[in-house]
Amino acid sequence: MSRKAKDLLRIAVAQLNPTVGDIAGNLAKAREARADAARQGADIVLFTELFIAGYPPEDLVLKPAFISACERATLDFVKDTADGGPGVVIGTPLKRKSGVHNAVVVADGGKVLAERFKLDLPNYGEFDEKRVFQAGPDMPGPINFRGVRIGVPICEDIWGDLEVCETLAESGAEILLVPNGSPYYRGKVDIRQQVVIRQVIESGLPILYANQLGGQDELVFDGASFAIQADKSLAFQMSQFEETLAVTEWKRGPEGWSCVDGPMSRIPEKEEADYRACMLGLRDYVNKNGFKNVVLGLSGGIDSAICAALAVDALGEERLRAVMMPYKYTSKDSLKDAEDCARALGCRYDIVPIAEPVEGFSHALSQLFEGTGEGITEENLQSRARGTILMAISNKFGSMVVTTGNKSEMSVGYATLYGDMNGGFNPIKDLYKMQVYALSAWRNTTVPPGALGPSGEVIPQNIIDKAPSAELRSNQTDQDSLPPYPVLDDILECLVENEMGVDEIVARGHDRETVHRVEHLLYIAEYKRRQAAPGVKITRKNFGRDRRYPITNRFRDRG
Ligand SMILES: Nc1ncnc2c1ncn2[C@@H]1O[C@H](COP(=O)(O)OP(=O)(O)OC[C@H]2O[C@@H]([n+]3cccc(C(=O)O)c3)[C@H](O)[C@@H]2O)[C@@H](O)[C@H]1O
Ligand SMILES: Nc1ncnc2c1ncn2[C@@H]1O[C@H](COP(=O)(O)OP(=O)(O)OP(=O)(O)O)[C@@H](O)[C@H]1O
Ligand SMILES: NC(=O)CC[C@H](N)C(=O)O
């Protein structure tokens, strides 16, 4: 085993997929990774933020039993390092006199070399760390690891203004190892690199950034760990969306440490990245919650088609059951498109007509509803019959219902509560309709790495080309009720992601009345979103923790 580490250091980066709360499983994963790193001659293994607990543990941190179990597992892992193999930098919550901390333990030779506490607790967007953790009381100093002074800032410590990296450099650190739990949103890889480059400039030190992998409820941790040399160049790049361990080699020269060997993986472009995030988020939600398979309503429309493709890619064709539930408004085209889609994907396809349940409800209500005209109530009964059938299949076979509302629909409430909104998880909840089209067209030409589905046109072109329709009455299209999707999506992005004012949106060329209407629909659909299934976060601002609007809300922007 290499002990000559003064001028040469082999650092293994464990970009692994822990499960929140599975302390024993996470410890086993850490052990396996360390054994692998040892075989590859590593001196030290860098794990990601709170690896033993899984990130983010949220209010589990408030449970003393959870905290002590994490510390016990961490100390077991520390003992392992007595074998003379690699040392470790491992994240765990720790309760100390100063409170419960988001911490890192650095260990070698069977002993704890140092504990470090996160100073900057993120408390915005999806993060709530001030709720459960105490910030570290002191600026951290470097840790002597086999003669090398390493600094260990923890995730947000490199994002804020606390100058943790600079202070570490001033107190003699030679290299910075940063464990992260940094969730995906579109374009995040570039943002992280800019953040790290800024810290490299301020500290003059090379920075190794290790990120978690995997889905955790609404969040997807995309890995893509990397390092930036002291000269600001990219030293190595690990793959995105893949669980992997890489051993990197670092040399000490007259100018300090530099990375001389490490992987240089490709980072996917926009559509591929979003698609793979949705796929990984769905896969981990289903697997980590113990579902053997999933079920969805396949209508012949684009939303359910892309969800079916994502489910097959995430889980394999044998784990998806697609159900067409026709009624008198279902067109021949829809029947054919749904069947073609299921056939192209190779999944199970069943047809369960809903005429009987819908007419049964109508019959049961006929006296009560006497003298009223037909309208949205009758339309929603179709949707609720479908939702009930899917939940029955779920109960009978243990399949989780995948729900299929895109972000445009979820924004304006264009979905039926206890109907098509039924379901456990929504892989496209944070994709606007136009993005659903873009990703569908992209998937028809490309099978992403890690996808279990087939190649070719898995979403029949007719589904992409035809006008979207809920088919709840004759000749209905979405555009009867909503502005054209390119217009709607742009207005929504302005309102939701950018919090823009109505005047500003109108100045982009939108009709004022349309903007007011969309704003109103967005506000009055809050009650639906509060009852909606969770789904994968893809944008900077999703409808989960990122956006917390009141349901009861009379504010309207009238300039
Ligand atoms: N602030 C509030 N807090 C709590 N509850 C509130 C509420 N406002 C209304 N409600 C309740 O919500 C009910 C209305 O919501 P809901 O029953 O969902 O019905 P609603 O939103 O009126 O209608 C569903 C809409 O989704 C559209 N759509 C589009 C695409 C597909 C599908 C499909 O189903 O396949 C449907 C459909 O065309 C229609 O415009 C009210 O009757 C009231 O009980
Ligand atoms: N005939 C049907 N058979 C099975 N499921 C259906 C049927 N109609 C609607 N659904 C379910 O309800 C969901 C909502 O319908 P919606 O019309 O919004 O989406 P879509 O049909 O997938 O796409 P599009 O809006 O492009 O037509 C569908 O995605 C599907 O899961
Ligand atoms: N876990 C953290 O502290 C992450 C915060 C950081 N801003 C990120 O998104 O990467």
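Student: Which residue stands opposite R252 in β15?

Tutor: R252 stands opposite W257, in a predicted model whose local features need pLDDT of at least 70 and whose side-chain atom pairs count only at pLDDT 80 or more, although totals for chains, interfaces and linings use all residues. Residues are numbered from 1 along each chain as its sequence is written, while chains are lettered from A and ligands numbered from 1 in the order in which they are written.

Student: What makes β14 and β15 a pair?

Tutor: Two strands pair if DSSP finds at least two bridges between them, and β14 (residues 244-253) and β15 (residues 256-261) have 5 bridges in the antiparallel sense, so they qualify as paired. With 2 residues between them, β14 and β15 form a hairpin.

Student: How do you know that β7 and β8 pair as well?

Tutor: Between β7 (residues 148-151) and β8 (residues 175-180) there are 2 bridges, in the parallel sense, and the bridge partner of I150 in β8 is I175. Both strands belong to an open sheet of 6 strands with mixed pairing, in the order β6-β7-β8-β9-β12-β13.

Student: Why are β6 and β13 called edge strands?

Tutor: Each of them, β6 (143-145) and β13 (234-237), pairs on one side only. Neighbouring strands of this sheet are turned by 25° against each other on average, direction ignored.

Student: How do you know how α6 and α12 lie to one another?

Tutor: Helix α6 (residues 270-288) and helix α12 (residues 433-443) pack at an angle of about 95°, with their axes 10 Å apart. Angles of 65 to 115 degrees count as roughly perpendicular (under 35 is roughly parallel, over 145 roughly antiparallel and the rest oblique), and therefore α6 is roughly perpendicular to α12.

Student: What makes up the contact of α6 with α12?

Tutor: From α6 come E271, D274 and Y275, which meet Q435, A438, L439, W442 and R443 in α12; contact here requires C-beta atoms, placed from the backbone, within 7 Å. The residues of this contact divide into 4 nonpolar, 1 polar and 3 charged, where Ala, Val, Leu, Ile, Met, Phe, Trp, Tyr, Cys and Pro count as nonpolar, Asp, Glu, Lys and Arg as charged, and the others, Gly among them, as polar.

Student: Which residues come nearest to ligand 1?

Tutor: Of the 16 residues around ligand 1, those that come nearest are S383, T416, L417, A470 and Y527, and a residue counts as near if its C-beta atom, placed from the backbone, lies within 6 Å. Helix α10 (residues 376-397) gives the most to this shell, with 4 residues, and the shell as a whole divides into 8 nonpolar, 6 polar and 2 charged.

Terms used
Axes are lines fitted to C-alpha atoms, for helices over the stretch in contact, and angles run from 0 to 180 degrees between N-to-C directions. Two residues are in contact if their C-beta atoms, placed from the backbone, lie within 7 Å.
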